[in-house]
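Trainee: Please pick one part of this model and take me through it closely. I want the charged side-chain pairs, with the cut-offs behind each term.

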Amino acid sequence: MSTSHAGTTPTDPPPLPSAPGAERHPALGLVNTRTMRPSGEFDDLAETADAGDWLAGAGLLPARTSLDPGSADRLRSLREAVRTLLAAHLDGVLPDAAALAELNAALNAAQFTEELRWDDPAQGPHRESLPSSGTPVDAALTRLARNAVDLLTGPEAASVAACGAPGCIRYFLRTHAARQWCSTRCGDRVRAARHYARNRTPGRH
């Protein structure tokens, strides 16, 4: 796997928008931190600071929390496990046992207790899960793993899809049955390639 640092080169397009479903499922956002660009594979979590920033941006760690290299490795390992499990789900095959073990380890990294919270009159009463054991990173990984399980077993499991654009390795939730692309950019790229292929003069390259 490439460890390209987050950033762009002069030949790269700007970052893709979030894939459909990622706003509700941080596990989907996690798997899409590894993408393909014209310059090659691109990893938003390549550096320890990148991994910490991603967790903070996802609301899973307080802002400016320092992450150690081992914790960043755990996050990247969970990402690859979830990617493997999503691929197995879509292919209808049994997953790699190591990926399943990785996810289950993250599921049990922290224990949570349930509380009824009523802090805002406008919001009213609501249930909240709070970590009762483990470190903040353990809690973040457990929340991501729980969300991955929801993706794989919940009512939206049938909507999980891999982008159909050549070269794209992102996952998304279909907003309608015919949707094949994770973004309009991927869809436009495929349509442009098909248009070029249809209109290409025979014998010319």
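Mentor: We start with the ground rules and the overall layout, then go through the pairs one by one.

This is a predicted model, so local features need pLDDT of at least 70 and side-chain atom pairs count only at pLDDT 80 or more, while totals for chains, interfaces and linings use all residues. Residues are numbered from 1 along each chain as its sequence is written, and side-chain values use heavy atoms, with hydrogens and water left out.

The protein chain has six helices and six strands. Both are DSSP runs, numbered from the N terminus: helices are H or I with at least four residues, strands are E with at least two. Their order along the sequence is α-β-β-α-α-α-β-β-α-β-β-α. Of the 205 residues, 38% are buried. Buried means under 20% relative accessible area, exposed means over 50%, and partly exposed is in between (1.4 Å probe, protein chains only). The accessible surface of the chain is about 11,500 Å², and carbon and sulfur atoms hold 54% of it. Those areas come from the Shrake-Rupley method with a 1.4 Å probe; for residues, only the protein chains shown count as cover. Among contacts with a separation of 6 or more, 56% join residues 24 or more positions apart. A contact means heavy atoms within 4.5 Å.

Now the charges. The whole structure holds 11 salt bridges. The term requires a side-chain nitrogen of Lys or Arg within 4 Å of a carboxyl oxygen of Asp or Glu.

Take R34 and E80. Their side chains form a salt bridge at 2.7 Å, N to O. The partners sit in distant parts of the chain: R34 belongs to strand 1 (residues 34–37) and E80 to helix 3 (residues 69–91), 46 residues apart. R34 is buried, at 12% relative accessible area.

Stay on helix 3. R76 and D73 form another salt bridge, with the closest N and O atoms 2.5 Å apart. The two are about one helical turn apart, because they are three residues apart in helix 3. R76 is buried at 16% relative accessibility. D73 is partly exposed at 41%.

Helix 3 also carries T84. T84 is partly exposed, with a relative accessible area of 33%. Setting aside neighbours within four places in sequence, T84 contacts D96 and A99. For T84 and D96, the C-alpha to C-alpha distance is 7.3 Å, across 12 residues of sequence.

E128 and R117 form a salt bridge at 3.7 Å, N to O. E128 is in strand 4 (residues 126–131) and R117 in strand 3 (residues 112–117), so the bridge ties together parts 11 residues apart in sequence. E128 is partly exposed at 27% relative accessibility. R117 is also partly exposed, at 23%. Elsewhere, shared partners connect salt bridges into one network of R34, E41, D43, R79 and E80.

The charged end of R37 sits over the ring of F42, 4.2 Å from its centre. That label needs NZ of Lys or CZ of Arg within 6 Å of the ring centre and within 35 degrees of the ring normal.
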